[in-house]
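Thanks for sending this one over. Here are my notes, written so that you can follow them with the model open beside you.

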Amino acid sequence: MITFPNESQEYRAARETLLQKEIELRRAMEDVAVARRALPPGGLVPEDYVFDGLGPDGKPARIKLSELFSPGKDTLIVYSMMFPRHPQETRDVATSGGTAKLARADQPCPSCTALLDQFDGAIDHLEAAGFNFAVVGKTALENLITLGRDRGWTNMRLLSSAGNSFKRDYHAEADDGAQLPMLSVFHRDADGIRHFWSSELGFAPTEPGQDPRAVGTCEPLWNLMDFTPEGRPDWDEQLQYAGACCH
C-alpha cells in the first residue's frame, strides 16, 4: 500500500477499493485478449484487393492487399476511416491546409482524424514489434496524402479504396454508401490471407451512458480523460481548434 502527501484516511480507503476494481478490469481485459487470440481461423479474404497508394519511390502506385505484408510480418492492422465524412456529420470542416479546399461532404471525419493523430506516433514502434499497419479511406489518394500532410502524419501508410469493394465487404461502408469506422486485423497463413478480427462492438446495442467504444481500449485521448475528476466531457473531436493551425 502506498500513500500520498496529506491524503485522508477516507481517501485512502476509497482508493484501495477502487484499486481492486482496477485489478478486476485488468484481469477482464486480459481475459478478452486471450479469448480473442484463441479465435478459430477467420474467413479467407475473397480477393487480393488493389488499392491506390504510394510506392517505394514515393509515386502513386497500385498496391495489392498481399503487398501490405512485409517479409516476416504476417499480421496486418487496417483502420478504415470515414473519408469522406458521414453524410449526417455536422462538425466544422477544416478551414486551413489543403484539406480545406475540399467540399464539406468530401472532408474527413473529425473523430477518425483525431484517432489517427494519436496512432501515427505509435506506428514505428508497432512495425518494429513485427506488425503491419495501414489506413484506408474511400477518397482519392491525393486527398489522403493532403490530409496526412496537413496533420503532420509521417508514419502511416495511406491507401485509397475508391476503386475496390474492400470497405463494403468488411463493413466499413453502409448499404447507402455512407462511410463507417472499422479497425480490422488480417493474418497471413499457409492458405492465404484471413480476416482475424474487427471492431464489431461498434455495431452492438449501446447501453445507457456509454458510447460505442469500439476501439476504446486503444484511444489515448478518451482514456486519459477517464483518469480525471471531470471524466469524459460532452464534447467531440474537431479538425481544428481555436488558436491552432491544423490540429
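The points below go through the basis of the model, its strands, its pockets, one serine and the aromatic rings.

1. Basis. This is a predicted model, in which local features need pLDDT of at least 70 and side-chain atom pairs count only at pLDDT 80 or more, while totals for chains, interfaces and linings use all residues. Residues are numbered from 1 along each chain as its sequence is written, and side-chain values use heavy atoms, with hydrogens and water left out.

2. Strands. Helices (H or I, at least four residues) and strands (E, at least two) are DSSP runs, numbered from the N terminus. Two strands pair if DSSP finds at least two bridges between them. Strand 6 pairs in the antiparallel sense with strand 3 over 6 bridges, and with strand 7, also antiparallel, over 6 bridges. In the second, Asp189 has Gly192 of strand 7 as its bridge partner, and a hairpin of 2 residues joins strand 6 to strand 7.

3. The largest pocket. A pocket here is an open set of points on a 1 Å grid over the protein atoms alone, where a 1.4 Å probe fits and protein lies on both sides within 12 Å along at least five of seven lines; lining residues have an atom within 4 Å of a point. The volume, which is the space filled by probe spheres set on the points, is about 1600 Å³ for the largest pocket. Its lining has 45 residues, with Met29, Arg36, Gly216, Thr217 and Cys218 nearest the centre. Helix 1 gives the largest share, 10 residues. Elements that supply at least two residues each include strand 3, strand 6 and strand 7. By class, the lining has 25 nonpolar, 10 polar and 10 charged residues (Ala, Val, Leu, Ile, Met, Phe, Trp, Tyr, Cys and Pro count as nonpolar, Asp, Glu, Lys and Arg as charged, and the others, Gly among them, as polar).

4. The second largest pocket. About 750 Å³ of space lies here. Ser111, Pro181, Pro212, Arg213 and Glu219 are the closest to its centre among the 28 lining residues. Helix 2 and strand 6 are the elements that give two or more residues to this lining, and helix 2 gives the most, with 3 residues.

5. Ser199. Is Ser199 buried or exposed? At 4% relative accessibility, Ser199 is buried (under 20% relative accessible area; exposed is over 50% and partly exposed in between, with a 1.4 Å probe and protein chains only). Ser199 sits in the loop between strand 7 and helix 6. Beyond its neighbours within four places in sequence, Ser199 is in contact (heavy atoms within 4.5 Å) with Met182, Leu183, Ala214 and Val215.

6. Aromatic rings. Rings of Phe, Tyr and Trp (its six-membered ring) pair if their centres lie within 6.5 Å; planes under 30 degrees apart count as stacked, over 60 as edge-to-face and the rest as tilted. The whole structure has 10 aromatic pairs. One of them, Tyr49 with Phe166, is edge-to-face, at 5.4 Å centre to centre and 80 degrees between the planes. Tyr49 lies in the loop between helix 1 and strand 1 and Phe166 in helix 5, so the pair ties together parts that are 117 residues apart in sequence. Tyr49 is buried at 0% relative accessible area, and Phe166 is buried at 2%. Tyr49, Phe51, Phe166, Tyr170 and Phe186 form one aromatic cluster.
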